[in-house]
Amino acid sequence: METIPDPVLKSLTSIVGGQHVLTGEAAAGFAVDWTGRFRGRAAAVVRPRDTAEVAAVLALCTDAGVPVVPQGGNTGLVGGGVPLHGEVVLSTARLTRLDPVDREASQVTAGAGVTLQQVADADPDLDLGIQIASRDSATVGGAVATNAGGVRVLRYGPMRAQLRGIEAVLSDGTVISHLGGLIKDNTGYDYPSLLAGSEGTLAVITQARLRLVPRLRDPVTAIVGLDSIGELHALAHQAVTQVPGLVSAEFFTSAGLGILTEHAGLVPPLAAPKQAYLLLEAAGPAALDDLADVIGDRDAAVGESAAESRRLWSYRERQPEAAGFLGVPIKLDVSVPAAHWVRLATAVADVVAQADPGARVITFGHVADGNVHVNIVPAATADGRHENAVFSFVASLGGSVSAEHGIGALKAPWLDLARTPAERKLFARIRAAFDPAGTLNPHVLPR
Ligand SMILES: Cc1cc2nc3c(=O)[nH]c(=O)nc-3n(C[C@H](O)[C@H](O)[C@H](O)COP(=O)(O)OP(=O)(O)OC[C@H]3O[C@@H](n4cnc5c(N)ncnc54)[C@H](O)[C@@H]3O)c2cc1C
């Protein structure tokens with residue numbers, strides 16, 4: 001859709017108010033993603049203030065045949081939250097209601113536009129189980145819609161595992177709500193779970209009921225330098241099995257560290273350079289001793305204070321920025337069974353080199369989840385050759401083309417590497433049941 005009919009624009013204005021319907025230059029920032037790789041044009045950006053306004057906007061757009069892209073913090077990395085085909089953007093920026101924490105249940109109900117950091121800060125003794133580097137901008141709605149993962153999945157699971165209820169609006173304006181927060185509730189289909197990972201294709205999430213976890217007290221963080229990816233994986237496995245308080249097992253390599261040292265002024269964490277770095281974090285009274293036993297006499301930096309821990313985490317959390325210093329990156333996140341992780345992490349740069357010998361490849365990610373982020377700065381035209389090479393390799397190892405970022409627009413052509421025709425037919429039927437008119441995010445996850 002190139003332009004939005006005037007009567008539709010007028011009706012949107014009468015629903016949300018003139019200052020919350022943006023067009024032209026005012027809408028431009030909503031049409032480009034965090035990486036700069038995905039750029040489109042918004043027919044309009046609409047910012048409803050509550051569920052009733054979301055319902056009215058969706059009913060209107062569906063009646064008028066106007067496609068809608070839901071957008072939260074716009075930190076998604078697969079082009080799923082930007083209007084690549086001139087859609088209307090429904091921004092959740094004003095859905096920021098955060099209820100008081102229910103301490104008895106260790107739960108909170110948060111509006112879709114509340115950031116993950118705001119949820120994490122809501123109570124001094126409780127925390128959100130999800131931690132991602134984009135937490136100051138990424139929203140509850142976006143994190144549910146992408147089933148976000150992050151650096152504590154091995155301890156608390158992905159966003160889906162934090163969901164205790166949901167409120168959402170279907171494309172015809174119907175509000176579905178199940179926010180009671182019951183832990184045991186076998187009363188039919190678990191649609192909150194289905195909406196987790198639905199990437200804005202089934203409904204617009206307006207609120208979520210989230211479980212909170214005890215805030216970690218005195219966590220110990222360590223970065224261990226290693227000479228090979230194989231050694232790193234073996235050590236991570238040892239930590240997972242021998243450190244009961246383990247919360248994170250993350251990795252990065254000399255490639256990403258070198259770029260951050262050169263362009264962001266980071267001072268390497270260890271005196272002697274290493275090929276690969278494993279970040280371990282553990283909590284509990286025995287954390288320091290348990291980590292020390294596993295690390296042994298390897299070269300390591302250990303942080304016990306909050307400031308030291310933050311400093312060590314910055315080496316890992318700034319890895320997503322590294323490729324951006326060299327160009328506009330292609331960001332792929334893939335996962336494979338544990339038995340193939342070392343092969344993936346060691347061979348993926350060569351696989352990319354076969355498709356584009358001049359490309360730069362930076363890898364980092366979540367070792368214990370079988371997840372590697374592959375960031376590529378292409379030298380050759382970005383015409384799909386890089387994705388094709390990596391995804392075909394991953395599929396040959398029995399892996400997934402998306403570990404945690406979703407399919408979005410970026411991976412839509414390769415979904416058949418991960419899902420059978422029968423599964424995709426079922427997806428289409430589910431989608432048609434939720435959104436028969438095809439209003440919501442029509443170009444994300446192929447129909
Ligand atoms: C520096 C950096 C680090 C990151 N690290 C991680 C990581 O470790 N793990 C990880 O999983 N991700 C990571 N991400 C990716 C991203 O932050 C997550 O996918 C996040 O959950 C997206 O939230 P958002 O609010 O920005 O969503 P957006 O980018 O706005 O949208 C993402 C998708 O969700 C849909 N959507 C958004 N809001 C709603 C809603 N209310 N209802 C329905 N659909 C909606 C959009 O249509 C789109 O398809 C990282 C990103 C950056 C920039």
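How do the residues of the lining of the second largest pocket divide into nonpolar, polar and charged? The model is predicted, local features need pLDDT of at least 70, side-chain atom pairs count only at pLDDT 80 or more, and totals for chains, interfaces and linings use all residues. Residues are numbered from 1 along each chain as its sequence is written, and side-chain values use heavy atoms, with hydrogens and water left out.

**View 1. The shell around the ligand.** Around the ligand there are 36 residues, and Pro70, Gly72, Thr75, Ser134 and Thr139 come nearest (a residue is near a molecule if one of its heavy atoms lies within 4 Å of it). At least two residues of this shell come from each of β3 (68-71), α5 (140-146) and β9 (204-211). Helices (H or I, at least four residues) and strands (E, at least two) are DSSP runs, numbered from the N terminus. With five residues, α5 gives the most to the shell. By class, the shell holds 14 nonpolar, 20 polar and two charged residues. Ala, Val, Leu, Ile, Met, Phe, Trp, Tyr, Cys and Pro count as nonpolar, Asp, Glu, Lys and Arg as charged, and the others, Gly among them, as polar.

**View 2. Oxygen atoms of the ligand.** An N or O atom in the side chain of Thr139 lies 2.6 Å from an oxygen atom of the ligand. For the side chain of Asn441, the distance from an N or O atom to a ligand oxygen is 3.1 Å. A polar backbone atom of Gly80 is 3.2 Å from an oxygen atom of the ligand. The protein buries 96% of the 980 Å² that the ligand exposes when taken alone (Shrake-Rupley method, 1.4 Å probe).

**View 3. The second largest pocket.** This pocket holds about 830 Å³ of space, a volume filled by probe spheres set on grid points joined across faces, edges and corners. On a 1 Å grid over the protein atoms alone, a pocket is an open set of points where a 1.4 Å probe fits, with protein on both sides within 12 Å along at least five of seven lines; lining residues have an atom within 4 Å of a point. The lining has 36 residues, with Arg160, Ala196, Gly197, Glu199 and Arg419 nearest the pocket centre. Each of α5, α7 (191-195) and α15 (421-434) supplies at least two lining residues, and α15 gives the most, with five. The lining divides into 17 nonpolar, 12 polar and seven charged residues.

Note on methods:
Polar contact = N/O pair within 3.5 Å; in protein donor to acceptor, adjacent residues only side chain to side chain.
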